[in-house]
Amino acid sequence: MQGFNMGRYLPPDWDPSKINWNKQAGKSHALGNRASKLSSQGSLTVRFETPFNIWCSHCNNHIAQGVRFNAEKKKIGNYYTTPIFSFRVKHSVCNGWIEIHTDPKNTTYKVVEGGKRQSEPDPDREGVIKIKDPEEIDRLENPFAKLEQKATDNAEKSQHAKRLDELSRLSDRMWEDPYTHSQKVRKIFRQEKKARKEVEKDTEAIRDKHSLAITLLPETNEDIRLAKLVDFSDGQYMKAVDEAHSRPLFGEAEKVVEKSIRRDGKPMLKKDIAMKQSKERLQRDLRRSTRQKMDPFLQDTFDSSRKEQDGADVGVWLKRKRSRPLLSNQDTSTAGNEEVAENQDAPASVVQNDDKGSGPGLVEYGSDSDS
Ligand SMILES: [Zn+2]
């Protein structure tokens, strides 16, 4: 029930002229418990927030700016007409008392007891409103001092006028042709925007390619240098190593296919030369793969290098099917290899070696798992 009594019960025999409202409501003061020390000590309990970082001198602990305390607030004096208040707080860590006063003269607070401000402020810092001392005001009332002050002010005035004139001329010069300046600025902006767009496009392409959901930083010279040091091998390297291992130590030189004359006296056709080259290549590969399988000294090196590359022993070498017709038509007189010559009569798919004791005797060609 809202109304004059604010929803409180007032007995019918209550007389406001004899007993006041708060006493009637059971309160000793209008401010309640906060005013419990008001009559005895003259202090009111308020919520106080430390205005800066403080070192407690009782326990040497740090109290950060903005920590809240229940403080006993008391008026202790005046600076002109501005009251000076004292706030006494109890440090919850050591139960030591810290007293802080307002400082209207310097528009700040000062710790007067039980603590120390972390760093004292510079009184000449920018943004501080200075209020002159009464002594200083008295000094300025002196006619000689007034005259001196006037001379100083005049000197300052002429100096400032000179500077103002400079600034004014600079401003005039900068704004004499706004169109040209604007044109220049817009031109630079367009160039930068174009470059920025290109970088953004490249970055977006990289993000898209690698499905990256992170922000990429711009490329630096160091990145370019490091990227150039990395070589992504395409497998040709291991093949070259295998070939070098399996080549005969004192082998014959690579045969150069000269423009030979056929037996019937006519020059060889391009087709014949290509066939001859293909045949020689096949013979070379055959000799190499046979050597890889048969040479007991080569076996270990070759197997370990293959294992390093593939993580497993690949075993028998597989050849492409299209090599088969050439093999069957092989001319023994040009082969120049005894092992191949001995197995000339064997089927094209299987080349069998006589010496079974020195290694795997079967080299299969034309497998179905050709790849
Ligand atoms: Zn303390």
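Reader: What is the relative accessible area of Cys-59, and what class does that value give?

Author: The classes are buried (under 20% relative accessible area), exposed (over 50%) and partly exposed in between, found with a 1.4 Å probe on protein chains only. Cys-59 is partly exposed at 24%, while His-91 is buried at 4%. This is a predicted model, in which local features need pLDDT of at least 70 and side-chain atom pairs count only at pLDDT 80 or more, whereas totals for chains, interfaces and linings use all residues. Residues are numbered from 1 along each chain as its sequence is written, and side-chain values use heavy atoms, with hydrogens and water left out.

Reader: Which residues are the protein donors of the zinc ion, and what is the geometry of its site?

Author: Donors are N, O and S atoms within 2.8 Å of the metal (3.2 Å for Na, K and Ca), and a site may look incomplete because water is not among the atoms. Four donors count as tetrahedral if all angles lie between 85 and 135 degrees; the ideal angle is 109.5 degrees. Here Cys-56 (SG), Cys-59 (SG), His-91 (ND1) and Cys-94 (SG) lie 2.0 to 2.3 Å from the zinc ion, and the angles of 105 to 117° make the site tetrahedral. Cys-59 lies in the loop between strand 2 (54-56) and strand 3 (62-63), and His-91 in the loop between strand 5 (82-90) and strand 6 (97-103), so the pair ties together parts 32 residues apart in sequence.

Reader: How do strand 2 and strand 3 pair?

Author: Strands are DSSP runs (E, at least two residues), numbered from the N terminus, and two of them pair if DSSP finds at least two bridges between them. Strand 2 and strand 3 are antiparallel over two bridges, with Ile-54 opposite Ile-63 in strand 3.

Conventions
Four donors count as tetrahedral if all angles lie between 85 and 135 degrees; four count as square planar and six as octahedral if opposite donors are over 155 degrees apart and all others between 65 and 115; anything else is irregular. Helices (H or I, at least four residues) and strands (E, at least two) are DSSP runs, numbered from the N terminus.
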